[in-house]
Amino acid sequence: MTGGRVLVTGAGGFVGRSLTHGFSRLGWRVIGLDLPSRDAAGGERPEGAEGRVGGIRWVSADLAEGVPEEVPEVDLVVHAAWVTTDPETLGISTAEYLGINLRPLLAVLTYAARTRPAAFVFLSSSGVFAAGDATGGLTDEDEPTGTSPYAVAKRAGELLVRPALEPHTAAHVVRLGYLFGPGEAARPSRTRISLIRAWLAAARDGGPLAVRADNPSRDWTFAPDLAAALERIASADSAGHPIHLGSEHVWTDRAVAEHIGAAFGGSELVARPPEGELKPPMISSDVAALSGFRWTDPPSGLRAVIDSEVAA
């Protein structure tokens with residue numbers, strides 16, 4: 001499946017922004033749907049509910065009220081819209097938090113059940129797992145037992161997608177791990193930024209880079225790679241279970257921070273006490289669709305992030 005029409009929800013967020021521009025570069029006709037806020041280039045969207053920026057058709061809407069009627073049929077839906085900020089920070093209950101995330105998903109599933117795209121991708125996360133769910137690496141055979149509001153909401157979404165759409169639409173549930181890339185910024189629905197973003201900010205300001213004293217390893221995935229990977233996955237039959245999508249580049253926090261420090265003239269690294277037990281790295285699923293796929297290594301990805309900020 002290449003070069004068709006794709007609908008990306010949550011298109012103004014970090015992951016959604018990477019996907020809209022990634023699919024556009026691959027030749028897809030992209031519809032980016034998000035709440036009225038900011039466009040993928042970091043400036044204000046065109047006035048009105050719709051507009052075109054960089055060849056991407058933008059539609060502003062609150063998915064809790066349904067997918068707008070003017071959104072046409074598409075070949076692929078990628079549901080990236082999600083509120084990751086915890087309910088306590090938002091000042092709402094866990095039940096309200098679940099509703100904020102699941103109502104938009106149900107609206108998009110209703111749209112997809114009516115229009116029958118060839119494929120639907122629900123973006124989930126390794127956040128569905130608890131720290132003790134695996135020791136040598138999180139595989140798609142490990143059973144997630146996370147109990148945070150985020151984990152519960154994502155797991156509920158995973159369970160909803162296939163029954164709602166199959167057999168008419170191939171439903172893919174894809175779990176993502178640690179992401180980094182250009183254009184990452186905090187916003188109300190995603191107040192936490194990646195470690196790489198925090199280290200880059202500290203290095204730019206001439207301050208120390210704080211690294212957990214236990215120096216964990218993580219699977220570092222360059223967000224701009226995702227569109228090409230999802231294009232491959234959407235072209236294949238559904239695996240019938242959640243698959244893990246991410247880079248094979250597993251680096252320790254210190255190794256990544258040292259690379260950033262060197263790029264800025266040798267920023268100092270300081271150890272900070274660990275806060276909570278971490279999950280092991282996520283192991284990407286062995287699916288034929290991704291055979292030979294080349295993920296961007298952390299040094300190349302970091303150069304791209306730094307260069308993009310210099311250009312801006």
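Biologist: Which residues of α1 are buried?

Modeller: In this predicted model, helix α1 covers residues 14-25, and the helix is mostly covered, since nine of its 12 residues are buried. A residue counts as buried when its relative accessible area is under 20%. The buried residues of α1 are F14, V15, G16, R17, S18, L19, T20, G22 and F23.

Biologist: How far apart are the end C-alpha atoms of α1, and what span should its 12 residues have?

Modeller: At 1.5 Å a residue, the 12 residues of α1 should span 16 Å.

Biologist: Which residues of α6 make the contact with α1?

Modeller: By class, the contact of α1 with α6 has six nonpolar, one polar and one charged residues. On the side of α1 the contact is made by V15, L19, G22 and F23, and on the side of α6 by L226, A227, L230 and E231.

Biologist: Is L195 buried or partly exposed?

Modeller: L195 lies in helix α5, which covers residues 195-204, and L195 touches R218, W220, D253 and R272, leaving aside residues up to four places away in sequence. The relative accessible area of L195 is 22%. Buried would require a value under 20%, and exposed one over 50%, so L195 is partly exposed.

Biologist: What distance separates the C-alpha atoms of L195 and D253?

Modeller: D253 is among the residues that L195 touches. Although L195 and D253 are 58 residues apart along the chain, their C-alpha atoms are separated by 8.5 Å.

Biologist: Which strands stand at the edges of the open sheet?

Modeller: The sheet has three strands in the order β8-β10-β12, with mixed pairing. Each edge strand has a single partner strand, so one side of it is left without a neighbour in the sheet. The strands at the edges are β8 (178-180) and β12 (250-252).

Biologist: Which residue in β10 does L179 stand opposite?

Modeller: Strands β8 and β10 (residues 217-222) run parallel and are joined by three bridges. Within β10, the residue opposite L179 is T221.

Conventions. Residues numbered from 1 in each chain as written. Predicted model: local features only at pLDDT ≥ 70, side-chain atom pairs only at ≥ 80, totals over all residues. Heavy atoms only, no water. Axes fitted to C-alpha atoms, helices over the stretch in contact; angles between N-to-C directions. Helix = DSSP H or I, 4+ residues; strand = E, 2+ residues; numbered from the N terminus. Contact = heavy atoms within 4.5 Å. Nonpolar A, V, L, I, M, F, W, Y, C, P; charged D, E, K, R; others polar. Expected span 1.5 Å × (residues − 1). Buried < 20%, exposed > 50% of the residue type's maximum accessible area, 1.4 Å probe, protein only. Pairing = 2+ DSSP bridges.
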